[in-house]
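Trainee: I have a new structure to read. Could you take me through some features, one at a time?

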Amino acid sequence: MQLKRNLLSVALASATMLLAAGAQAQVATQSPEGEPTRTDETKTLDSVVVTGIRAGIETSIDTKKESTSIVEAISAEDIGKLPDVSIAESIARLPGLSAQRVGGRAQVISVRGLSPDFATTLLNGREMVSTGDNRSVEFDQYPAEMMSGVTVFKTPDAGLVGQGLSGTIDMHTVRPLDYDKPIIAVSGRYQRNSLGDAANADGDGNRINASYIGQFMDRTLGFSIGYSHTELPIQEKQVGLYEPWSQTTVPPPDGDRFRYGVPAGTYFSDGIKALRRTGDIERDAVMATLQYRPSNDWTSTLDLFHTKAEQEDTANQFEVNLSGYNGQNDSDPAVLDPANDVYTIDPQINANGTFTGGYMQNVYPLVRGMYRKREDKIDAFGWANDFNVGLARVKADIGWSRAVREELLLENNTQLLPRPQLDNVHLAFNSNDFSWLVPGRDYSNPDELFLTGTIYGSGYGKVPRVEDELKTYTLAAALPAPQFASGLLSDIDVGLNYADREKQKTQPEGNINVGAQGDTTIARDLQYGLVNLGFAGMGYIPAWNVPGAVARYMTFNPVDNLSYLIPKAWTVDEKLTTGYVKGNIDTDWGSVGVRGNIGVQIQHADQSSRANFWDSTQPVGSEVQPYENGKTYTDYLPSMNLAFLFAHDQTLRLALARQVARPRVDQLRASLEFGVDTSTGRPGASGGNPELDPWRANAFDISYEKYFGTKAYVAAAYFYKDLRSYIYTQTNDNYDFSAFVADYVPGPGEPPTQTTGNFTAPYNGKGGKLQGIELSASLPLDMLWAPLEGFGIVASASFTDSNIKILDPESASSVGSDPISLPGLSDEVYNFTAYYERAGFEARLSQRKRSDFIGEIGNFDGNRTLRYVVGEDQLDAQISYSFGEASSLAGLTLLFEASNLTNSPYQTYAGTKDRPLEYIEWGRTYLVGANYKF
């Protein structure tokens with residue numbers, strides 16, 4: 001296990017993120033909102049009021065220090081002022097957490113080296129729906145400006161409902177009665193992307209936010225509301241190569257991957273594309289909270305959340321097929337026709353046997369427009385009531401959330417006519433920069449490019465839709481400890497939660513065909529102009545209005561009833577009943593204070609899925625058959641958290657837990673592809689598996705933390721997880737297909753139909769060990785030397801190791817068919833923030849860095865696939881000035897922010913780094929703006 005221990009590591013990583021609720025926003029110690037608290041605790045303000053960066057850091061330190069679990073925390077520095085552009089950027093700076101960028105934005109979060117599937121996300125203590133095919137939340141749906149903080153529970157307790165296996169991320173919105181006076185805050189930012197304008201999209205964006213917090217009726221009624229409007233530019237440069245990188249062979253009939261001019265045994269990619277993606281994202285979000293507390297005996301809190309986002313972009317793309325296919329008939333593949341066949345001159349092959357460049361002759365390039373429109377909407381409602389019943393504190397909570405994602409994917413393909421207009425292309429593949437493809441012809445004239453039946457057809461389109469709905473009901477109580485246990489336990493929490501979730505997906509698809517007018521160019525009124533692909537070694541290509549071209553020149557009638565489309569629609573239902581009992585510990589063992597809890601959580605899951613499948617053995621007109629399957633199971637999850645409080649503000653934490661993570665929703669789908677081999681009579685199928693068990697693990701954590709009040713801390717933690725199983729795609733050679741073949745009558749001359757066969761699907765397989773070390777520190781430097789007042793650092797370093805190897809046949813084209821390491825696992829993750837704050841001036845420089853990992857992306861079919869991702873290193877900076885109380889501009893803050901200062905690329909590869917798949921740059925982002933608080 002490569003766990004570096006040098007002191008520099010401790011300084012590498014902005015972890016417990018700088019933030020918090022300013023002086024007037026003193027936040028009580030965070031605990032899982034799913035359970036009641038015994039008393040209402042009020043935080044006393046010190047005589048010295050701390051604001052800004054330091055306020056955020058100190059509130060986060062206080063949350064970490066006072067928690068009975070091992071947690072990391074972020075708190076807003078002030079109303080609407082988390083320290084990053086997105087909530088995901090802030091979360092990714094915490095120790096042991098890392099983000100994967102999607103479209104240039106931190107979007108999904110890995111906790112302790114496990115993929116996002118192993119973590120759950122809560123909003124005010126309630127589990128949230130997701131707009132994707134699975135459970136992992138896309139955090140850019142939640143505006144950072146509307147969050148008061150985030151708590152990440154790395155160790156669970158029995159009362160944490162909705163807990164994940166790797167961690168539980170709980171986002172918090174403001175509680176208006178936690179504030180001592182009304183507040184109005186507004187902010188605005190102008191944003192510019194360094195890649196500039198292209199096609200019909202500019203590089204400009206904006207962010208507008210407004211928040212109000214008020215207290216009424218002698219502070220028994222509180223109301224808060226926040227609105228956020230965001231317009232983000234989408235600007236992207238990309239060169240991508242086809243997967244898989246496979247070895248070439250000798251000519252047929254002895255080989256099937258012969259490439260003229262490329263020696264047999266060379267690793268070769270069959271295509272390359274260069275594109276300039278342009279577009280924008282527009283999002284509006286509203287959060288509101290109504291809080292009523294007529295006395296300490298009763299508090300009622302109503303939470304509302306709504307967000308709607310629309311993303312529209314087009315990949316303006318030049319693409320070349322290198323496989324030898326150019327639309328010409330090759331009568332004898334073993335004999336070269338230099339006038340028509342694709343072949344390579346001067347191939348460049350490195351010592352690893354990888355093709356790195358050459359001159360490809362007689363290819364037939366395409367200029368393509370790949371359009372995507374995505375609309376996401378999330379609505380959530382929650383109502384919690386805390387009240388006293390005798391000596392018990394009771395909490396009743398109901399929650400509802402619903403997410404809908406609707407997409408439109410359209411493709412236009414153009415080529416030079418009359419066919420074939422063959423070309424020669426110079427290739428130079430690069431592992432650390434954009435690869436080059438330099439054509440011999442000019443492709444910049446839109447009047448010479450025709451919508452036609454190209455080597456890839458004239459176009460294809462999809463209309464995916466995902467809907468996710470979750471209803472939760474919770475009843476919990478905090479009770480005095482019984483007399484016989486009063487020496488050990490301070491009180492006891494009991495609770496019951498019921499969650500009912502339904503997720504469904506449909507995906508109609510179809511060809512986009514040229515209309516009655518036949519092959520045509522695209523009119524000038526639909527043209528956006530030219531985009532520059534000079535970064536890939538070529539010139540300009542046209543960009544155009546793809547949906548406009550489809551509407552004017554083409555036909556598109558998506559359907560979902562064809563044999564290969566039937567399995568793409570499914571519904572998954574989950575009913576999860578959770579009960580728990582937890583004893584809270586707050587005592588002294590000799591001279592050592594002890595806090596913590598011990599308890600057990602019981603989860604009973606009832607999961608099922610329904611879908612249709614295509615059965616070609618049925619009579620014509622009856623091929624579509626329904627299928628439904630599922631299972632129930634119960635898990636008993638004991639847990640213990642102990643915090644030993646030693647002299648000099650030192651804390652030693654120990655935690656033991658049995659943990660689970662429910663399978664990915666798309667893995668539970670009942671949809672499948674089914675058939676019978678008429679030569680053997682053996683049935684076979686592939687699809688999802690509604691009978692999956694969850695991931696299960698036994699976990700041990702130990703953490704040493706040294707605090708300096710709430711001003712600073714240093715910590716070192718070790719964690720160990722024994723995953724009892726792992727879910728990955730396997731083939732069951734003896735699956736019982738009796739129900740599928742019961743009515744099947746073999747045709748003439750066919751053998752009898754067998755009842756068992758091969759079923760390839762996700763199954764629970766062998767697990768393994770995962771362990772890691774996390775080092776973190778937050779230090780104001782004036783603790784070391786008084787002249788450094790105002791300067792400080794926040795840093796963390798995480799080192800994770802696992803012996804778990806999995807197979808993912810669905811991603812074999814990119815990660816190979818051999819066992820691979822855990823998706824989402826980076827061996828090393830660093831975060832580092834240096835800041836200065838004094839007399840209203842604030843500045844910070846933040847870096848986050850992670851080593852190579854296997855990431856998840858959506859492929860052409862709209863399914864998840866895995867890719868090797870080169871480790872990322874991103875640098876961000878912020879500067880601001882807040883006018884003091886004595887100024888006529890008191891309440892005003894001016895700011896400048898810059899993210900991705902080094903224009904860090906996103907790179908994927910196939911097996912080894914000399915076989916690139918994607919090289920993407922999203923540019924730097926600059927923001928200027930102002931905040932004003934009344």
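Mentor: Start with a pair of side chains. This is a predicted model. In it, a polar contact of 3.0 Å joins the side chains of E407 and R405.

Trainee: Where does E407 lie?

Mentor: E407 belongs to strand β18, which covers residues 392-416.

Trainee: Is E407 buried or exposed?

Mentor: Compare the relative accessible area with a cut-off. Buried means under 20%. E407 has 13%, so it is buried.

Trainee: Now I879. Is it buried, partly exposed or exposed?

Mentor: Use the cut-offs again. I879 has a relative accessible area of 43%, so it is partly exposed. This residue is found in strand β43, residues 873-882.

Trainee: What does I879 touch, not counting residues up to four places away in sequence?

Mentor: I879 touches F841, E842 and A843, along with L894, L895 and F896. I879 and Y932 are 53 residues apart in sequence, and their C-alpha atoms are 16 Å apart in space.

Trainee: Next, helices. What should helix α2 span?

Mentor: Take 1.5 Å times one less than the number of residues. Helix α2, residues 52-66, has 15 residues, so it should span 21 Å. Its end C-alpha atoms are 21 Å apart, which agrees.

Trainee: How do I read paired strands?

Mentor: Look for the direction and the bridges. Strand β30 (residues 592-614) pairs with strand β31 (residues 624-646) in the antiparallel sense, over 22 bridges. In this pair, I598 stands opposite M640 of β31.

Trainee: How many bridges join β31 to strand β32?

Mentor: Eight, and the two strands run antiparallel. Strand β32 covers residues 650-661. L645 stands opposite T651 in β32.

Trainee: What do β31 and β32 form?

Mentor: A hairpin, with three residues between the strands. Look at H648 in the turn: its phi is positive, about 65°.

Trainee: What is the order of the strands in the open sheet of four?

Mentor: Read across the sheet: β15-β16-β19-β20, with antiparallel pairing. The edge strands are β15 (343-349) and β20 (436-439), and each pairs on one side only. From one strand to the next, the twist averages 10°.

Trainee: How many bridges join strand β19 to β20?

Mentor: Four, and these strands run antiparallel. Strand β19 covers residues 423-428. The bridge partner of A428 is W436 in β20.

Trainee: Last, the cores. Which residues have the most contacts inside the largest nonpolar core?

Mentor: I272, F318, L322, L427 and L437, in a core of 47 residues. Helix α4 (residues 546-553) gives the most to this core, with four residues. Apart from it lies another core, of 44 residues, including L723, L770, V870 and Y909.

Trainee: What is F318 in contact with, leaving aside its neighbours within four places in sequence?

Mentor: Its contacts include I272, L437, P365, V367, Y443 and M538. Find these in the view, then work through the other features again.

Notes. Residues are numbered from 1 along each chain as its sequence is written. This is a predicted model: local features need pLDDT of at least 70, side-chain atom pairs count only at pLDDT 80 or more; totals for chains, interfaces and linings use all residues. Side-chain values use heavy atoms; hydrogens and water are left out. Two strands pair if DSSP finds at least two bridges between them. Axes are lines fitted to C-alpha atoms, for helices over the stretch in contact, and angles run from 0 to 180 degrees between N-to-C directions. A nonpolar core is a set of buried Ala, Val, Leu, Ile, Met, Phe, Trp, Tyr and Cys residues joined through side-chain atoms within 4.5 Å. Buried means under 20% relative accessible area, exposed over 50%, partly exposed in between (1.4 Å probe, protein chains only). Contact means heavy atoms within 4.5 Å. A polar contact is a pair of N or O atoms within 3.5 Å; within protein, one must be able to donate a hydrogen and the other to accept it, and residues adjacent in sequence count only if both atoms are side-chain atoms.
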